[in-house]
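Here is a short note to read alongside the structure. The points are meant to be checked one by one against the model.

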Amino acid sequence: MQQITQQPSVIRHTRAGKINIRSGNRVSLVLRSTLWALGALTVLAFFFFDYTGFRPLQAIPETLYNLKAMFLEPKLSHFGWGEAAMQVAITLGLGALATVFGAVFAFFLALGAAENLSVPWLSKSIRVVVAFVRAVPTVLWVLIFAIAAGLGSEAAVLGMLFHSVAYLVKAFSEAFEEVDPKILEALRSTGAGWWQTVVHGVVPSTFTYLLSWTFLRFEINFSVAVAMGAAAGAGGIGFELFMASGFYFDLREVGMITYMILAIAIVLEIFSTRLKSRVYSAD
Amino acid sequence: MALLEVNGLMKSYQPGNPILKDVSFSVEAGEFVAVIGPSGAGKSTMLRCLNRMVDIGEGQVFFDGKDVGAQNKKGLRDVRKHIGMVFQHYNLVPRLTVIENVLHGRFGYKSTLQGVLGRFTEAEKRKAFDLLEKLGIAEHAYKRCDQLSGGQQQRVGICRALIQDPKIILCDEPIASLDPNSSKVIMDHLKTISIDFGITCIVNLHQVDVAKDYANRIIGLKKGEVVFDGPSPLLTERFTDEIYGMKTVVETRELITV
Ligand SMILES: Nc1ncnc2c1ncn2[C@@H]1O[C@H](COP(=O)(O)OP(=O)(O)O)[C@@H](O)[C@H]1O
Ligand SMILES: [Mg+2]
């Protein structure tokens, strides 16, 4: 072994004087103190609740009874199965509309946002706008569009579309940036233009990711569409859920609708897993 | 005028840290030139200045009478479509088929729309199969590139360069990731191409013996400077020692230009 005569000056030490093997000392410190603070606040919160009128001995059996009615005796009473299927289809339609249009817009915007395909000013501006749109919850966007379009399915689709675009631009542009620069280099060296490089180099390399992100967003948009049916009067199964719970106080119908939504979610999940395994097994 | 002329080429990625310092040489049509030098000498950078895959710092590169540094976007695409490029890591689109990857070499000749839609003529497709046949991988034409061995992928890379109808092919360490057998196959193909098609080849290599076996002419690069430029047989041990900084340093540096 060669003898080390001099400690290289690049070695960093922790406060305890030990050699540090992590680079981000400060980041981990901030992370740890944040977690501790959040934990402490959670515990503290229990001491500040208003417990008047809270009688656990009565509340527990009543809750259990309600849950039993909801989940063990579900039935539809205000509308039939045909109507239910129709309402589910409306909700799926709202989600699909927002997702498909969102994916198309997001594709083009993401090309502008990807640092390896765009120019810095464009990519930065798209990122900033998109981060802002994403930071505002979908429901708020729906309410904002409701000003112009009125509360209803139009505002719901627009709001969902807005948020979907922002979400998918981030996902897509990150996928684009992962494209091996060697592929782009080779295409450019043949004299290929930008669009040709994108369509024949970037798209084939990222297609499976784009597809699975889009489908994931569809799953999200389905549940958002349920919520929008209730909150923004967009119709669909969400609206029926809202009527059953808030209007008729029909726990059994709430239970039935919940099961229907769950069933759809499971079908979507199975479908997306199938899709993924088929697309990836082709790799 | 020679096919390729490089005059006083300088290049630095960061100011004050030149990677290429005053590189000048010219290459006639049909030559097979090997560029040798230790890792970090600037071989890849120099090769990429020739088709402006990296921007030229100072100096000029003339290809086929055109000032490469002075071209606009359109002009640059025109220059590049006549320059094939072969890479150490083949740089194919792994999820596309062999034939699709080969046809990528035609994009320089296409309008944006034709290229985007992937409209290739029957003649182009036939040419692609001919080339695959010539390089012995026609049976893999419909396989995805990531199912091929390194040597086979490199042959696809060569086909992609050849279908460009290039006047010159630039090869950046084409055999550095290959086993000795595949390396020999690839170098033999490059040699055949240069003789049969009369296409000029500039090949970055780090194996001196391979360079001497295949090239008519060798350019030795060291720390961004040309320290040898001459016919392969004249590259004696004295020069390789200097290029690679081994053994005794030669006191008076001699630049042979023949
Ligand atoms: N894109 C780049 N940005 C900054 N430095 C680079 C870049 N490409 C190469 N270099 C530097 O230029 C020098 C020469 O690299 P290169 O041309 O790849 O040499 P070679 O191919 O002979 O090994 C190296 O020191 C490398 O770190
Ligand atoms: Mg190199």
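Notes on the predicted model

1. A:Tyr259 lies in helix α10 of chain A, which spans residues 251–281. A:Tyr259 and A:Pro74 are 185 residues apart in sequence, yet their C-alpha atoms are 8.5 Å apart in space.

2. Helix α9 of chain A covers residues 237–247, and its buried residues are A:Ile237, A:Gly238, A:Phe239, A:Glu240, A:Leu241 and A:Ala244. After α9(A) comes A:Phe249, which has a positive phi, near 50°.

3. Some labels on chain A come from UniProt. An unreviewed entry there places the feature "domain: ABC transmembrane type-1" at residues 88–272 of chain A. In the model, that stretch is 86% helix and 0% strand, with its end C-alpha atoms 19 Å apart.

4. Under "transmembrane region", UniProt (unreviewed entry) lists several spans of chain A, among them 126–149 and 194–216. Residues 126–149 of chain A are 92% helix and 0% strand, and the end C-alpha atoms lie 26 Å apart. For residues 194–216 of chain A the figures are 100% helix and 0% strand, with 29 Å between the end C-alpha atoms.

5. How many residues of chain A are in contact with chain B? There are 18, and they meet 21 residues of chain B. Helices α7 (181–189) and α8 (194–231) of chain A each supply at least two residues of the side that touches chain B. By class, that side of chain A has seven nonpolar, eight polar and three charged residues.

6. The largest nonpolar core has 128 residues, and A:Val169, B:Cys159, B:Cys201 and B:Ile202 touch the most other members. Helix α6 of chain A (residues 153–177) gives the largest share of this core, 14 residues. Leaving aside neighbours within four places in sequence, B:Cys159 is in contact with B:Val102, B:Ala128, B:Leu131, B:Leu132 and B:Leu135.

7. Chain B has an open sheet of four strands in the order β2-β1-β4-β5, with antiparallel pairing. Why are β2 (17–27) and β5 (66–67) of chain B at the edges? Each has a single partner strand, so one side of each is left without a neighbour in the sheet. Strand β4 of chain B (residues 58–63) pairs with β5(B) over two bridges in the antiparallel sense, and B:Phe63 stands opposite B:Lys66 in β5(B).

8. Elsewhere in chain B, strand β6 (residues 83–86) runs parallel to strand β7 (residues 168–172), and four bridges join them. The bridge partner of B:Val86 in β7(B) is B:Cys171. From β6(B), B:Ile83 and B:Met85 point one way and B:Gly84 and B:Val86 the other, and all are buried.

Methods. Residues are numbered from 1 along each chain as its sequence is written. Chains are lettered from A and ligands numbered from 1 in the order in which they are written. This is a predicted model: local features need pLDDT of at least 70, side-chain atom pairs count only at pLDDT 80 or more; totals for chains, interfaces and linings use all residues. Two residues are in contact if their C-beta atoms, placed from the backbone, lie within 7 Å. Ala, Val, Leu, Ile, Met, Phe, Trp, Tyr, Cys and Pro count as nonpolar, Asp, Glu, Lys and Arg as charged, and the others, Gly among them, as polar. UniProt positions are given in the numbering used here, feature names are shortened, and annotations may be inferred rather than shown by experiment. A residue is buried if 20 or more other C-beta atoms lie within 10 Å of its own, exposed if 12 or fewer, and partly exposed in between; C-beta atoms are placed from the backbone. Two strands pair if DSSP finds at least two bridges between them. A nonpolar core is a set of buried Ala, Val, Leu, Ile, Met, Phe, Trp, Tyr and Cys residues joined through C-beta atoms within 7 Å.
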